[in-house]
Each structure stands twice: as structure tokens, then as C-alpha cells.
Amino acid sequence: MKNTFELKIEQTQKLQMTPGLLQAIRILQYNSQELAEHIHEELLSNPVLEMKERFPESAQDASAEKEGGIDWMEYASRKKNDDISYRRWETVRANSENNYENYTSGYTSLAEYLMFQLQFLPLSEKEKKAGRFIIETLDSDGYTTETTEEMAGALSMSTGEVEKILTGIQRLDPPGVGARDLRECLTVQLEEKGLLDEDFALVMKDFFREIAGNKLNAISKATGIGTERLQGMRDLLKTLDPKPGRQFETGEAVQYIVPDISVIKGKDGRWHCKINDGNTPQLMLSAYYTDLIKEYDSDSELREYLSGKINSARWLIKNIEQRKQTIFNVAEAVVSRQQDFFTEGEAAIRPMTLEQIAEDAGIHRSTVSRTVRGKYIECEMGTFPLKYFFSAALERTEGEEQASAAGVKSQIKELIGNEDEKKPLSDQKIADMLSAGGINISRRTVAKYRDQMGIPASSVRKRF
């Protein structure tokens with residue numbers, strides 16, 4: 001074997017991810033909110049970028065547009081300084097009554113709400129101090145995160161003293177807060193409502209798992225309580241709050257869904273897409289900086305800086321437009337394949353894969369995957385994520401068209417919704433009924449789909 005160093009020229013091909021391509025991929029994956037945030041960040045960092053003004057800006061402009069157009073000379077005379085990049089910002093005094101910061105709403109946390117009530121309990125100062133410690137250990141659902149022994153050790157108190165304080169906290173509003181488990185939480189709520197009679201207390205103490213699992217016949221045999229009475233108890237338990245602390249705000253930002261696409265019916269009777277880009281800022285290059293680079297052509301340092309910023313701005317504008325076109329192409333391909341869904345509902349959804357949409361839109365499968373991420377489509381039946389329309393296919397008998405998993409789930413939900421509550425349909429019965437309708441499906445698949453929809457088993461759904 002020859003071990004020597006030598007120079008060799010070799011021609012190879014490889015894919016290089018340029019900054020522009022990386023930006024295009026990242027922007028394509030953004031949902032509406034993320035894109036708006038990214039644009040605002042770019043506006044702050046790149047002085048060459050400006051937001052386009054949306055015309056008309058006033059009722060006078062609107063009426064002029066309806067009458068045949070806007071008098072731009074008159075508009076320019078009204079807008080004496082239209083360079084928004086260098087307009088002096090008007091300041092508003094912080095204590096002004098028109099300052100919107102004066103109108104921001106605060107929120108009361110669970111701990112603050114409980115501590116306000118704690119001061120009115122007939123407890124000593126030492127016990128109230130211990131009560132504040134216990135309240136601070138509660139989680140967002142309102143349950144204690146430490147055992148009585150752990151709290152007693154941390155407070156240098158006996159378990160009996162801690163139990164007394166904890167019992168007082170559990171009777172505060174909302175009832176059941178400070179409980180150590182679900183059984184105790186619901187028991188306290190029943191007691192506060194005056195519904196915890198002797199039979200109910202027995203069931204909650206010794207047969208809580210059984211009543212949660214709808215094993216009413218077993219409870220009836222062990223206690224002598226009638227199944228109808230037990231059914232009433234179970235129905236009452238469903239009306240209680242298993243997480244009393246969740247009704248309080250946590251201070252976290254609320255996430256709103258902004259649909260990227262609207263589906264409308266065209267004159268041809270088919271459904272078509274419309275891009276919703278009203279919330280996305282429209283960008284343009286600043287005329288000031290494009291003129292500045294021509295004026296100071298001899299300044300190489302300034303020219304290099306501005307050229308970089310202008311190229312970056314152009315790439316951003318181009319990638320945003322490309323994102324808009326790609327979303328439209330993918331959404332139009334989805335809507336074209338799912339015409340029956342928008343007319344007939346969930347049961348009519350057809351099986352569809354990323355590969356099929358990629359072929360229809362003329363793009364790669366990975367591009368379709370990035371496009372549907374976090375995007376929503378709005379129609380007459382509501383707002384759905386684009387991913388919802390991609391569903392696996394199930395075989396049909398007699399060579400019929402394949403059924404989608406989403407459509408089968410809809411049929412399972414409908415069958416369960418129309419069942420006899422005293423004789424609920426088993427998973428095997430549902431599978432047999434679907435098979436009779438031409439859909440080959442096993443009992444295990446029915447059970448899997450039922451679990452995914454959050455529907456309990458027939459033994460739990462049964463009413464007595």
C-alpha cells in the first residue's frame with residue numbers, strides 16, 4: 001500500500017444551503033403570529049425595510065377610490081412628510097388619562113385569592129403563617145405538593161396542627177383547593193354543598209375507584225345501595241371541579257389561532273382557497289436609503305453596509321411572497337381533493353397523503369410538511385389545522401373507494417352518540433357495524449380510534 005501525499009483535482013456535486021435558502025425554509029415553517037414577530041424584528045434591525053401604508057387611510061380617500069381613484073397630488077400635499085423612517089415620534093406622558101397602559105387588566109393568582117381569605121379564618125398568627133406556607137406549596141390545579149408529614153417538619157409543628165390548618169384552607173373558595181388527591185378534593189366539594197350523606201361518604205371512602213370505573217353492580221352488592229342511586233352519585237361527581245385551581249389566571253399569554261386560508265364557494269360550485277394576509281405587515285424598500293447609496297457611491301464602507309442591508313431586505317420580501325404562494329398552492333391542492341368534506345362534513349373526508357399533495361402542487365414532500373406546520377384553514381364548519389386533512393386509508397370491500405381514518409372516526413363517534421345508554425356498543429359491535437357498511441376494520445383499531453377521541457369504553461359509558 002502506497003502511503004504518500006499527493007494533490008488530486010476532483011469534480012463533485014453537493015447541495016449548499018445558502019443564507020437565502022435557509023431563510024426561505026424557516027419563513028415557510030412560520031405560522032401567522034411567528035411570521036409577524038419575525039417581520040417586526042427585521043424592521044427593527046434593518047433600516048432599509050419599511051412597512052407599506054394600507055390605502056385608503058380615511059373616509060375621504062375611500063370615497064375618492066369608489067368614485068374612480070385617489071387624487072395623489074392632493075394626498076401628497078396632506079401628507080407633508082411621508083418618510084416614516086425619519087418622522088419624529090410624538091411622546092405621550094405616562095400619566096396621561098389616554099395612555100393605554102392605564103387600562104391594562106391585572107389578574108389575581110390562586111395564592112393571592114386564598115391568602116386574602118386566610119386572614120379571616122379563626123387562626124393564631126403562627127397558624128396563619130403556616131397557612132401561607134401551605135398555600136405557596138399548591139400547584140396550578142390547587143393540590144398540595146407535599147405530604148402532611150413534610151409540611152409538619154418544615155413548619156416545626158405537629159401533624160395534627162397542620163391538618164387543622166389544611167382543613168381550614170380546603171373550606172376556602174374555591175372548595176376543594178388544598179386537597180391531597182382527587183378523592184379528597186371531590187369529597188370536600190360534596191360536603192360544602194351539603195350532599196355528603198352517609199351512603200355517599202361510604203362510597204367516596206371505600207369505593208371511589210369502583211364508582212369512577214362505573215362498576216355500580218359491584219358497589220351495590222357490597223353496600224346494598226341501589227344502582228339507580230349510585231348512577232345519580234356518579235352523575236353528580238361529574239358536575240364537580242376536579243381541578244379547582246385552574247379557574248384562576250396564570251399570567252401566561254393566550255395563544256390565538258389566526259387562519260392562514262379561508263375556503264369560499266366559487267361561481268362554478270366548487271370550493272376554492274383565499275389567503276388571509278391582512279395581519280401580515282406589507283414590506284417595501286426605503287426610498288431614502290436606495291437614493292442614499294447612489295448619492296454616496298464613493299464611500300465604499302457605507303455602500304457595502306447598505307448593499308448588504310438592501311440584499312437582505314429583498315431576500316426577505318421575496319421569501320415572504322414565495323411562502324404565500326406555496327401555502328396557496330398546497331391549500332388549493334388539499335381543498336381540491338377534499339371537496340366532499342366542505343359540503344357534507346367530517347364523514348366525507350377522503351384519505352390523503354403528503355406525497356399526493358406534493359405531486360399536485362409540484363413540490364417536494366418535505367416542503368408540503370413544512371407548509372402545513374402550524375397553518376389553519378377556515379371554512380363554514382369551523383377552523384381546522386391543515387394537518388387534519390391528511391389521513392391514512394382503510395380498505396373497503398367490493399373494490400369501493402378507500403375510507404379515511406378521520407372519516408371512520410367520525411362514523412364511530414356518530415354510532416356511539418346514537419347508542420342505547422343502557423346497552424352501549426362494544427368495540428367489536430362497532431367493528432361489525434362498520435364492516436357491514438363496507439369498511440374492513442378490526443376491534444383493536446376501533447378501540448384505538450375511540451381512545452384518540454377521548455371516548456371511554458362501553459363499560460364506563462353504561463348507565464343503570
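Reader: Is F341 buried or exposed?
Author: In this predicted model, F341 counts as buried, because its relative accessibility is 0%.

Reader: What about F342, buried or exposed?
Author: F342 has a relative accessibility of 5%, under the 20% cut-off, so F342 counts as buried.

Reader: How are the rings of F341 and F342 arranged?
Author: Their centres lie 5.1 Å apart and their planes stand at 85°. An angle over 60 degrees counts as edge-to-face, so that is the class of this pair.

Reader: And which class does the ring pair of F341 and F389 belong to?
Author: The pair of F341 and F389 is edge-to-face, because the planes of the two rings are at 90°. The ring centres are 5.1 Å apart.

Reader: Where do F341 and F389 sit in the chain?
Author: F341 belongs to helix α16, residues 339-344, whereas F389 is in the loop between β6 (382-385) and β7 (393-394). The two residues are 48 residues apart, and their pair links distant parts of the chain.

Reader: Is F389 buried or exposed?
Author: F389 counts as buried, because its relative accessibility is 0%.

Reader: Which residues do ring pairs link into a cluster?
Author: The cluster consists of W271, F341, F342, F384, Y388 and F389.

Reader: How many aromatic pairs does the structure hold?
Author: The structure holds eleven aromatic pairs.

Reader: Changing topic to helices: at what angle do α10 and α13 cross?
Author: The axes of α10 (residues 198-206) and α13 (residues 227-238) cross at roughly 70° and come within 11 Å. Angles from 65 to 115 degrees count as roughly perpendicular, and therefore that description applies to α10 and α13.

Reader: Which residues make the contact?
Author: From α10, they are D199, F200, V203 and M204. From α13, they are R229, L230, M233, L236 and L237.

Reader: How many of the contact residues are nonpolar, polar or charged?
Author: The contact of α10 with α13 has seven nonpolar residues, two charged residues and no polar ones.

Reader: Now T144, please. Where is it found?
Author: T144 is in the loop that runs between α6 (125-136) and α7 (148-155).

Reader: Is T144 buried or exposed, and why?
Author: T144 counts as buried, because its relative accessibility is 10%.

Reader: Which residues is T144 in contact with, leaving aside neighbours within four places in sequence?
Author: With those neighbours left aside, T144 is in contact with T137, L138, L166, G178, A179 and R180.

Reader: And R373, where does it lie?
Author: R373 lies in the loop between α18 (365-372) and β5 (376-379). At 35% relative accessibility, which is between the limits of 20% and 50%, R373 counts as partly exposed.

Reader: What is R373 in contact with, leaving aside neighbours within four places in sequence?
Author: Apart from those neighbours, R373 is in contact with Q29, Y30, E34 and K387. K387 is 14 residues from R373 along the chain, and their C-alpha atoms are separated by 7.4 Å.

Reader: Lastly, how many helices and strands does the protein chain have?
Author: The protein chain has 22 helices and eight strands. Of its 464 residues, 36% count as buried.

Terms used
Residues are numbered from 1 along each chain as its sequence is written. This is a predicted model: local features need pLDDT of at least 70, side-chain atom pairs count only at pLDDT 80 or more; totals for chains, interfaces and linings use all residues. Side-chain values use heavy atoms; hydrogens and water are left out. Helices (H or I, at least four residues) and strands (E, at least two) are DSSP runs, numbered from the N terminus. Buried means under 20% relative accessible area, exposed over 50%, partly exposed in between (1.4 Å probe, protein chains only). Contact means heavy atoms within 4.5 Å. Axes are lines fitted to C-alpha atoms, for helices over the stretch in contact, and angles run from 0 to 180 degrees between N-to-C directions. Angles under 35 degrees count as roughly parallel, over 145 as roughly antiparallel, 65 to 115 as roughly perpendicular and the rest as oblique. Ala, Val, Leu, Ile, Met, Phe, Trp, Tyr, Cys and Pro count as nonpolar, Asp, Glu, Lys and Arg as charged, and the others, Gly among them, as polar. Rings of Phe, Tyr and Trp (its six-membered ring) pair if their centres lie within 6.5 Å; planes under 30 degrees apart count as stacked, over 60 as edge-to-face and the rest as tilted.
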